[in-house]
Amino acid sequence: MKLKTFGVALAASALAAGASAAQTTVAMWYHGAGNEVESNIINRIIDDFNSGQSDWNVVIESFPQESYNDSVEAAALAGNLPCIIDVDGPVMPRWAWAGYMQPLPIDESKIADFLPGTKGIWNNTLYSIGLWDAAVALYARQSTLDELGLRTPTLDNPWSRDELQAALDAAKDSGKYEYALDLGMAWKGEWFPYAFGPFIQSFGGDMIDRSNYTTAEGALNGDAALAFGEWWQNLFAGGYAPGNSQDGADRDTGFIEGRYAFSWNGNWAAVPTMDGGVEDIVFLPAPDLGNGPTIGAASWQFGVTETCAHPDGAAAWIEHAIQDKYLAAFSDGIGLIPSTPSAAAMTTNYAPGGPLEVFFGLSNAQALVRPVTPGYPVVAKVFEKALADIADGANVADTLDAAVDEIDADIEANNGYGN
Amino acid sequence: MQNRAGWLMAGPAFLLIAAFLIIPFFMAIGFSFTNQRLVSPNPTEWVGTANYERLFGIAVLTLEAERDEDGTVRTKDGEPVFPSLRSYTRNKDDHPEYYRKREWFSFGRGEDRRTFVLATDVVFLKAVRNTLFFVAVVAPLQATAALGLAMLINRKVRGINIFRTVYFMPVVISMVVVSMLWRFIYDGQNGLLNTVLDLLTFGWFEPVDWLGRTSTALPSIMAMSIWQGVGFHMIIWLSGLQTIPASLYEAARIEGASRWQTFRYVTWPGLRNTAILVMIIITMQAFTLYPQIAVMTGGGPLDSTQSIVFQMVERGYGKQDISGGSTISVFLFLFVLSISLLQRWLTREK
Amino acid sequence: MTLERKTRLIGLYLFLGFIACIFVLPILFMVMSSFKPDLQLLSDSSSLRAFLPVGDLGVDNYRDAFSRAPVGLFIFNSVFITATTLVLSLFLASIAAFSFVFIEWRGKTVVLAIIIATYILPFETVAVPLLLLVNNLPWLTAEGVTWGWLNSYQVQIVPWIIRALEIFLFVQYFRDLPRDLVESARVEGASWFQVYRRVVMPLSGPVIATVAILKFLEMYNNQFIWPIMVVQEEGLRPIMVGLLYFFQLNTAWGEIMAYLTIITVPVLAFYLVLQRAFIASIASTGVKG
């Protein structure tokens, strides 16, 4: 242990040169390694905190996002977690259930006006809080809508399934586009449940039965889910959307270059798209596929570990970090939606009248968090594979049945995840 | 004295292997009989052979084609129509033996009957099949290609060392990196391979989505794997070739042996030990097919590139089911062990 | 040189060159791309321009890669971990193989068989149990005994020192060495260790080179899952974990190509150095056969 303490002490002294010696070290892990802008902002918040009070000294260790969860889980297994961690919203229930995290020791009145997707609540308990949320919209050009003679959908009056289909047909028939709709199939992993889960929900199905979270039967393979599956398959079989083998570069540049008519994309891509020269861009709300329009919610959030020896220090840091000025700084730096209206007003993009203001509305009106259950990581993996297989032409009912069986088997093996 | 010296010298290596491979593997064997998870507050429970039964759960179901009221077999697109499998696989009460299984493959039996082989874990079975196919193709092809290259560069001409180095270069690059590079090459729309084939055939060639089609995905990965690994085995063959005394070739030349005869009666017998070594190494490497899959296809399209180790990692880490991952690893160990025993028996000194 | 021989030689070179192209082009693509801006890199990747140093070339990708991640540190870590493992491996594997081949001792057939059988175990099989294990192992430091190996170099080195293949390669090679060399040295009164060091190892250049290359590649290129599990401090991460720093939204392909090119240099250099020794040793010993 001495070696480790020495290492931590060394890192601490390097980072906190000048801080008073009476400060107690509070370790924090963060997922932003390799993202310079993000690292700069988080380091600034930490510097402000460490120099602004004399009790605590927060020391950060950054991990690459791709392997962050693996690192946390391995460390938890070895009993080696720091005090503060950041956690992806849908994964939080698993870590809370597993006993990695303790209820967030901060006063809930301080986060009263936060967007719903930024509050990590499981079992009626707040475990984590996010400085931002993310939202998805249907990117289009106003000129495309005009040329194809399409109505501009609004939050109150989104496109219906038929209208969406008509829009895709019109784009396809115009012959001007390589594909009518870019779904972002190049982005594997969490993008699938985050971006496409809302489609099945909008059909009236779901990834899991949310009434008790003990089975996916009926939700993921009921009539609504089967209808969704057929619809989904037709997007690819009908030649509307590029499939699983879409490459990442096409995802990044296809819409900007005008090869795709519509693109289902997150708010973080909005600034690069506008910078790429799409001047008449419009961000359309999710279509209503039958059961109301929905988009995903919840991004990275801060939480406190169960083993944390100084929860008051951790809480002090989190309360420091959720100030509007920092929410705004993150938003301006990496394009995310600030968690509060007052912070949004301070940003360039999300302020009233700002180019991305619409996303704040989307987050508020359409957002539905991904299934709030410790079993989520497995649900997400299974759902991703099922959608990829259906896109490749697999039998819809068989595929969804198999997905249900796998999710249910996992729930059983975990004794119902405490439900 | 001999005993002590022997143990002293072999001891450290054996101790390291025992501590860092054998003991953990026995722990894995233990996990395979439990419901151990990576992340869980639940106490680990003994589940007997349930994990193994899930992997290998198979049932056979023969169905009669549906008939119209007048008794003729109902057809669609010229094929007889069979009752939906769902009425069997989702019906726990009436058909517990088919419950939660899905179709692995099926074959027709006459006009109006079809036998369906159902399995609990179709993905795993496909992974086993793909891995076997991969080994069966890659091991002989790579070994032969490597021998060909070794013979090609086993000559004294100016600059041959440059070629040796160039042929070896892909080996020094990590498979992860190689896989990332080859995704550009195999890209379906404007990949380099399609471009080159298009040039070579003067535009006659239709672009192929190499990694996106079930028929080409695994063969594409095989080709890339051979490209990456062949240089290493070339070097092993080369060192084998260089141990064959020149006097034997001289004698063969004096006897007037043809090139084939020289290879058959001088070169090949001299390479016996090398051949065994090469085959063992290639077979093992092929069985642990993993990074290519993880980087390039994730097992798709439609499970056509699932592999045993990929499934092991996907379950153990991706789905955090340590017991499931461990079960696959125990299976893999026993499976490869029996194959290598077979290989040994086949290549034994007669 | 006759005309016929000349034509045949030219044909040979053409053929060698054609095969060389197959091996070198994808690598050339990597190196060339590392000097191109992202947009050009992607558009070039659909034509033969991918292999050519054309367009807007520069070292911006290299500069950006170094500012995004501590590249030098990652390379140092990987080289240090690899080199340490390699030296220990060559020594322990060769001396074990020596014992298996030349010394008669009780139980050696069984021990060797067990070791060879572990060759089948892919590392992924044992990763989680091994994590639990190393977390409870002691380590000696200047200040006394510490418990738990996480966040250290040794956790990335010690479990990897020996694999069955290295022992197997040495065993195969030693079996072909003339036994009377060993026996006459013993008769002259040399200890087993002296025989190992003075008689056998000097004759083992080729197999040492083979094992060294193999081990270097395994350690340098493939350390990924394990360091993610056992190392949390940035200062201890190896190159393959460093690669993850470059996968952000809107992947910077140019930087990735630059990073890949940089990390390939040490391993290529290692091979080139070893290749000379390796070929020279075959020529000079002439023991085998």
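Which are the buried residues of H6(C)?

1. The buried residues of H6(C) are C:Phe123, C:Glu124, C:Thr125, C:Val126, C:Ala127, C:Val128, C:Pro129, C:Leu130, C:Leu131 and C:Val134, where a residue is buried if 20 or more other C-beta atoms lie within 10 Å of its own, exposed if 12 or fewer, and partly exposed in between, with C-beta atoms placed from the backbone. Helix H6 of chain C spans residues 123-134 and is mostly covered, 10 of its 12 residues being buried. Helices (H or I, at least four residues) and strands (E, at least two) are DSSP runs, numbered from the N terminus.

2. A word on the basis of these remarks is in order. This is a predicted model, in which local features need pLDDT of at least 70 and side-chain atom pairs count only at pLDDT 80 or more, while totals for chains, interfaces and linings use all residues. Residues are numbered from 1 along each chain as its sequence is written, and chains are lettered from A and ligands numbered from 1 in the order in which they are written.

3. The buried residues of H6(C) pack against elements of three chains, namely helix H3 (65-77) of chain A, helix H1 (2-31), helix H13 (308-318) and helix H14 (322-346) of chain B, and helix H7 (154-157) and helix H12 (225-230) of chain C. Here two residues are in contact if their C-beta atoms, placed from the backbone, lie within 7 Å.

4. The contact between chain C and chain B takes 62 residues from chain C and 61 residues from chain B. On the side of chain C, the elements that give two or more residues are H1, helix H4 (71-102), helix H5 (108-117), H6, H8, H11 and helix H14 (253-285), and H1(C) gives the most, with nine residues. That side divides into 44 nonpolar, 13 polar and five charged residues, given that Ala, Val, Leu, Ile, Met, Phe, Trp, Tyr, Cys and Pro count as nonpolar, Asp, Glu, Lys and Arg as charged, and the others, Gly among them, as polar.

5. For chain A and chain B, 27 residues of chain A are in contact with 26 residues of chain B. The elements of chain A that give two or more residues to this side are H3, helix H4 (92-97), helix H15 (376-391) and helix H16 (396-413), with H16(A) giving the most, seven residues. By class, this side of chain A divides into nine nonpolar, six polar and 12 charged residues.

6. Within chain C, helix H8 (residues 164-175) and helix H11 (residues 205-221) have axes that come within 10 Å and cross at roughly 165°; axes are lines fitted to C-alpha atoms, for helices over the stretch in contact, and angles run from 0 to 180 degrees between N-to-C directions. H8(C) and H11(C) are therefore roughly antiparallel to each other, since angles under 35 degrees count as roughly parallel, over 145 as roughly antiparallel, 65 to 115 as roughly perpendicular and the rest as oblique. C:Leu165, C:Glu166, C:Leu169, C:Phe170 and C:Tyr173 in H8(C) meet C:Val207, C:Thr210, C:Val211, C:Leu214 and C:Lys215 in H11(C), a contact with seven nonpolar, one polar and two charged residues.

7. In chain B, the axes of helix H6 (residues 175-186) and helix H8 (residues 217-241) come within 11 Å and cross at roughly 130°, and that makes H6(B) oblique to H8(B). B:Met175, B:Val178, B:Trp182 and B:Tyr186 in H6(B) meet B:Ser220, B:Met224 and B:Gln228 in H8(B), and the residues of this contact divide into five nonpolar, two polar and no charged.

8. B:Phe134 has its place in helix H4 (residues 122-153) of chain B, and with 23 C-beta neighbours inside 10 Å it counts as buried. Leaving aside its neighbours within four places in sequence, B:Phe134 is in contact with B:Leu218, B:Met222, B:Ala286, B:Leu289 and B:Ser307. B:Phe134 and B:Ile221 are 87 residues apart in sequence, and 9.1 Å apart in space, C-alpha to C-alpha.

9. Chain C is divided into domain 1 (1-58) and domain 2 (64-285), the bounds coming from an automatic or database domain assignment. The C-alpha centres of these two domains of chain C lie 33 Å apart, and nine residues of domain 1 are in contact with seven residues of domain 2.
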